[in-house]
Amino acid sequence: MSDTIAEASSNGAPKVSRIDEAVIRIAGNSQDGIQAIGGFLARLAGRSEQEVMTFMTIPSTISGGPSIFQVRIGSGEVLTSGDDADVLLAFYQHSYEGHIGSLKKGGIVLYDSDHVQAKPEWEKDYHHVGVPISSLTVEAIGGTAKDKGKNIYALGLIARTFDLNLPKLEKLIGERFTGKDPSILNNALAAFHAGYSHSLGNVLETFKFKESKGKDGHQVVMNGNEALAYGLIAAGVRFGAGYPITPWSDIMELLRRELPKYGGTFMQTEDEIAAISMAIGASYAGRVAVTGSSGPGISLKTEALGWAIMAEMPLVIVDVQRGGPSTGMPTNIEQSDLNIAVNGGHGDAPRVVIAPASVEDCFYTAIEAVNIARKYSVPVIILTDQGIATRIEAFTEPNLEKICQDISPDFTPVAEHKPYDLSAPEGLTHHVAPGTRIQSGKYPIVTGLEHDELGHPTGSPKLHMQMTAKRRKKLQALGASLPVPKIYGPPEGNILLVGWGSTQGPIREAVDRARAAGDSVSALHIKHVNPLPPGLENIFSGFNHVLVVEMNDEGLYGFGQLGALLRARYCDPKIHGVNKTDGLTWKVKEILERTKTSVSAGLRKL
Amino acid sequence: MSETLTENPVRTDNLATVATPVPPATEERKGLTKKEIAADHPTWCPGCGDFSVLALYFKLIEKRKMWHEKITTIAGIGCSSRFPYFVQAHGAHYIHGRALPFASGISLSRPDLHVFVFGGDGDAFSIGGNHFTHTARKNIKLTYVVMDNWVYGLTKKQTSPTSPLGFKSKTDQWGAVDYPINPMKQAIAAGATFVARTTSTNPNHVLAMMEAAMDHDGFGFVECLSECVEFYEGAFDAANPRKGGAFIEVPKNHDVSDELEAYKLAGADFPGYFGIFYKNNKPTKNAKEAEINKAMMEKVKGLKDWQILQKNFDRMK
């Protein structure tokens, strides 16, 4: 809640402070509906032209277990979900004790006094506001609902604390509960109003967000999995196949629900191998298809991935990374699938890997992936992660009429056809879909065997060399055509923080803070992980230290996964890794501390 | 032979993909000749049973006047799975055991194509066993011919899932100890809607079974005994009258809709019965998905794709 400007309080009413942004952490159990509170706040921010980012943890158990949802709302730019909270809403003793440490000194802890016993030793550091949320919810709703609805009551408390827009919130609640039993909506509104009207008693200060600077056009609010799935639909994908695994399942559920409206379909298959195989079959049938999974499922798919690379079949594979290896930390975040995405499988098997940086970027990356897959006849892996998949952001609504593309296959008869034409420019392969008549009467086969230009098998060493080179060259051509990534901050300086995927936000915020403190730090985000974009060596040459910030282990040689790739590619001894594997997103202060340590350790070595 | 063979073919009214325009109508064309259908010369050993299956596939294409571009020939890995290279049509040689899901991807997105899958016993019942079960139970419309030779031939004589007990292979020098799979029982139990058995030494019967499987609206499965002369010579002599064996057809009075009777026929000692064991006309996965799509598309009738998506985005504001 930086830059607060207090307004004079009068008549003993709580002081109202104008704020730029706030971080609210809601801690409870997974079945308490705390995601719903966060969801309402995020939507409201989106409709108020504010920026918002959320962060949640969920237990990997089926029901129950502690869970948190953190929302950061700002009238200016919001890059992360925030290191520390301004307000903690605690439903239970374990929520209170477990999360008070994430509250800023002087912050407010709103707690359910039916379940939480405040600790006197903490009362001097944090402003305590106890409200019997459970019993007041029961009182407000009455009947047999018990304390179901206490999340909405708590939303009312938060709305009062931050003087949130009441009509907009009521409308959101109305939209959420329409179509159900009208008594459910009435109960929700009753709980909300009871919370909103509850006297905050000894609260000395409430808050009001400054007017947002205003965004271009309307905002939409969604999480990364939704943005990615809708991006695939906008890109024209109409067939997909998958097998359930957290956190990928949301994408397949959404596509299964939505694609039939467009005449497409999504298949739940018997296993991961069938899923990628069915998607490849549909791609072969004429329209690029999608499959996806998370870590372990991607491992299972790699043999088929090799086939798609060999047969040069367009395909989009989504990998929503989680903690690994094996079942690992299924509901935690990690960026440890870069190696399998770039290199996984056997043989010389070049493929494309792209990692979106934000929820908005998930939408556009899906479209880019489809278009690269089609143009280069190659599987494209979209590397997202548990964090970006589940976090909610608001972003400018895309112009769907302009963006949505039609990628229907063309069945116009052709005179002759050689899919693997060695003389094709840039080595690009072009397939004609089955159903297309080839007047020469010579039909192509797609195969995992090394093949000639028509796809028929060959044992010729010369052809194997030529075809291997062809599959490589087309991706080298793609790499050369990629834009040079933009540096965040000045192009020369002491430290360059390099990141990929969902860490763009915290890395940029770290740069902002470091520069504000007078340190020479810039950042580079690498979205195209494989092939790499051009111009990186020039960028690296402008800095004394190149630190690759990743959520994976430093590995046997100490550089992390992208770090090792960049070292191998650029042979630059300035490249070092800043890695972690705690299953949580980077906090800005962690990045700053680790950067400092890494640089001073490097200096000692010199 | 059962009377189901004379049934008129019913094509599934598949996914009404608004997105996929129907390929342009072709002018009246003559059926293909064998010469036009044949592609690479088969790489099989002289005397291999698979030659006969290939020749009869050509004959089926000729007889039914199918055109190159309307057929897709799909296979996994194995001797028999080299099949697509020998056919002049669109086709794919996929990875070991996974030809069925690949073919399902085609079948479910392209109602206008005949999808034929060829493979061996290792592909179907060992590495691809899971896919066999699920493609059968989902009743995905395609024709699957398994050339069963009771041995791994491409890798030179290892025990296969259909190798009989006591078969001496390089991985069971003292004779196979694992109980073999009974493909007919496997298919019936999995819920396959068309289950037939034939042998490559009876060409007319092979053709009849393939044709009936193709005309079946659903998952059409044919097990075709196909001798490996190199690694399991004489395996099927007992089913070949020219070698002193007996070719016994499924009894004329067998009710193909009777699952239990079919299962009993499948349990007969080798050489067993040949013909259609089981047939069920329940709706295909393709038809069911088409029905879902029809209902869902009705709800967004008249809207362009971007407008359908816009409705979702409007709810997320």
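Predicted model: local features only at pLDDT ≥ 70, side-chain atom pairs only at ≥ 80, totals over all residues.
## Basis

Local features need pLDDT of at least 70 and side-chain atom pairs count only at pLDDT 80 or more, while totals for chains, interfaces and linings use all residues. Residues are numbered from 1 along each chain as its sequence is written, with chains lettered from A in the order in which they are written.

## Chain B overall

Chain B has 10 helices and 10 strands, taken as DSSP runs (helices H or I, at least four residues; strands E, at least two) numbered from the N terminus. Of its 317 residues, 52% count as buried, that is, with 20 or more other C-beta atoms, placed from the backbone, within 10 Å of their own; exposed residues have 12 or fewer. The C-alpha trace spans about 70 × 40 × 40 Å along its principal axes.

## Helix α9 of chain B

Helix α9(B) covers residues 285-299 and reaches 22 Å from first to last C-alpha, close to the 21 Å expected (1.5 Å times one less than its number of residues). Lys285(B), Asn286(B), Glu289(B), Ala290(B) and Asn293(B) are buried.

## Largest nonpolar core

This core has 266 residues, being buried Ala, Val, Leu, Ile, Met, Phe, Trp, Tyr and Cys joined through C-beta atoms within 7 Å. Val316(A), Leu497(A), Val117(B), Val195(B) and Phe277(B) touch the most other members. Helix α13 (residues 359-376) of chain A gives the largest share, 10 residues.
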